[in-house]
Amino acid sequence: MTETRENWSARSGFIIAAIGSAVGLGNIWRFPYVAYENGGGAFLIPYLIAIFAPMAYKKLMNAESLGWWQVMVTLIIGIYYASVLSWAGSYMFYSFGQQWGTDTQDFFFNTYLQNGEGLSLGFVPVLFFGLVVVWAAVMLILYGGVRRGVELANKIFMPLLVILFSILVIQAVRLPGAVDGLNAFFTPNWEAMSNYKVWLAAFGHIFFSLSVGFGIMLTYASYLKRKTNLTGSGIVVALANSSFEILAGIGVFAALGFMAFSAGANVEDVVSGGIGLAFIAFPKIISSLGAGGDLFGFLFFASLTVAGITSMVSILQVPIAAFQDKLGWSKNKSVTIIAGGSAVISTLMFSTHSAITFVDIIDYFANNIGIVGGGLISIILLSWFRRPLMKQLEGHVNQFASVKLGRSWNFMLTVITPLSLLMALGLTLKSIMAEGYGGYAASTLWMVGGGVMAFFILGAILFSLVKDRHS
Ligand code: PFF
């Protein structure tokens with residue numbers, strides 16, 4: 001990106017690219033499971049509040065280590081995102097003959113992932129194969145220049161995903177028992193709402209799902225003309241993204257209701273854990289379509305895979321550009337080292353019997369601590385220590401905005417958001433120290449979660465100390 005900066009040909013160009021980055025596995029795989037684990041309906045209120053916090057936020061501060069922290073976060077996200085992406089890719093093929101059978105949970109954990117007890121690093125060839133294909137595709141796109149291919153893929157597969165997905169959700173809500181699942185999703189559980197972890201999860205997910213807080217939107221926004229209606233675009237992207245994931249939540253919870261109905265059990269008891277929810281629920285709905293489900297399932301998982309690949313490319317763009325800028329590497333060199341290095345680590349880690357354990361722990365730490373922590377510090381820096389800059393930004397945005405930023409926005413950004421995030425983050429860290437997370441052994445948590453944290457901190461410190469080699 002060293003050539004003179006291009007502009008988006010139209011405002012819609014930016015909006016489409018932003019939606020392309022935002023809509024991905026986060027919407028279909030992550031949202032339903034995080035909602036499920038955080039009290040179902042209870043999660044929706046913090047979630048809706050969280051949407052309005054990061055939307056108009058921009059980072060322009062002189063704080064390089066913060067930037068590197070975020071670069072480290074994107075690297076980690078890229079490494080585990082590829083794993084979930086390869087699951088979606090594999091399910092394209094399992095759709096033929098609906099190889100997941102009737103017990104989709106057993107198929108996912110035992111037949112496909114061959115999930116082991118504790119940390120077991122034995123090799124699982126089928127996972128290895130999926131990862132190699134995903135990384136090869138991603139590297140190819142990265143080497144080949146991103147714009148045109150990704151734009152084309154977004155244009156074809158995003159609408160396809162929306163159509164197939166809508167059909168799937170309509171089918172899901174017609175299944176017997178669906179209503180019970182939907183009740184679980186839409187009934188606010190006030191008790192869970194008083195839990196700070198639910199709030200942290202809501203903010204973490206919104207940042208992740210909107211791709212905000214990692215420099216992606218910052219980069220995309222740098223291609224905008226100066227006179228742009230930022231709040232309007234932000235609202236369109238946020239609405240599109242959230243509609244999509246609420247729809248995913250409806251589909252998944254309806255399927256849970258159906259599973260509970262078939263098993264004569266309670267909605268809360270039909271699956272053992274959240275993280276695989278999408279891969280348990282969607283195959284169930286697909287199978288309910290009968291023989292036509294084969295092709296349908298293939299197309300659904302294919303479009304999900306493409307949506308994930310475009311998000312994956314946008315994730316990797318951040319560390320690739322960061323190292324190019326910092327160390328004066330060429331684009332190809334940066335792709336080889338950064339994406340190639342991530343590919344090797346990712347393929348080794350996630351082709352083991354512990355793939356889902358790694359995904360679960362890394363996803364939890366990267367989002368709740370990595371993303372929220374980075375976002376929180378940015379907000380504090382901007383709204384507490386760079387007041388003049390914030391005023392300037394606000395003024396600039398308001399000049400062209402359809403929806404103006406006013407006092408309530410200012411108050412949210414300066415007081416409510418930082419203080420509540422600070423509290424939720426602090427309390428969650430304390431609880432992780434005391435009780436761990438997800439029932440994993442302390443040694444596993446320290447190694448994986450602690451490793452991720454160390455990576456963020458060391459990366460942030462080290463790279464901001466390295467001298468710029470950029471001309
Ligand atoms: N927003 C993407 C999704 O919902 O799948 C994932 C993502 C993209 C996360 C880019 C982080 C990121 F930097």
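How many nonpolar, polar and charged residues does the shell around the ligand have? By class, the shell holds seven nonpolar and eight polar residues, and no charged ones. The model is a predicted one. In this model the ligand sits in the second largest cavity, and 15 residues surround the ligand.

**Shell around the ligand**
- Among the 15 residues that surround the ligand, the closest are Ala22, Gly26, Tyr81, Phe208 and Ile216.

**Polar contacts and cover**
- An oxygen atom of the ligand lies 2.8 Å from a backbone N or O atom of alanine 22.
- The side chain of asparagine 27 places an N or O atom 3.3 Å from an oxygen atom of the ligand.
- On the nitrogen side, a polar side-chain atom of serine 211 is 3.0 Å from a nitrogen atom of the ligand.
- On its own the ligand has 340 Å² of accessible area, and the protein covers 100% of this area.

**The cavity that holds the ligand**
- The count of cavities of 30 Å³ or more comes to five.
- The second largest cavity, in which the ligand sits, has a volume of about 130 Å³.
- This cavity is lined by 17 residues, and those closest to its centre are Ser21, Tyr81, Phe208, Ser211 and Ile315.
- The lining receives at least two residues from each of α1, α2, α4 (64-94), α10 and α14.
- By class, nine residues of the lining are nonpolar, eight are polar and none is charged.

Technical notes
Residues are numbered from 1 along each chain as its sequence is written. This is a predicted model: local features need pLDDT of at least 70, side-chain atom pairs count only at pLDDT 80 or more; totals for chains, interfaces and linings use all residues. Side-chain values use heavy atoms; hydrogens and water are left out. A residue is near a molecule or strand if one of its heavy atoms lies within 4 Å of it. A polar contact is a pair of N or O atoms within 3.5 Å; within protein, one must be able to donate a hydrogen and the other to accept it, and residues adjacent in sequence count only if both atoms are side-chain atoms. Accessible areas come from the Shrake-Rupley method with a 1.4 Å probe; for residues, only the protein chains shown count as cover. On a 1 Å grid over the protein atoms alone, a cavity is a set of points where a 1.4 Å probe fits but cannot get out, and a pocket is an open set with protein on both sides within 12 Å along at least five of seven lines; lining residues have an atom within 4 Å of a point. A molecule sits in a cavity or pocket if more than half of its atoms lie within 2 Å of its grid points. Ala, Val, Leu, Ile, Met, Phe, Trp, Tyr, Cys and Pro count as nonpolar, Asp, Glu, Lys and Arg as charged, and the others, Gly among them, as polar. Grid points are joined across faces, edges and corners, and a volume is the space filled by probe spheres set on the points. Helices (H or I, at least four residues) and strands (E, at least two) are DSSP runs, numbered from the N terminus.
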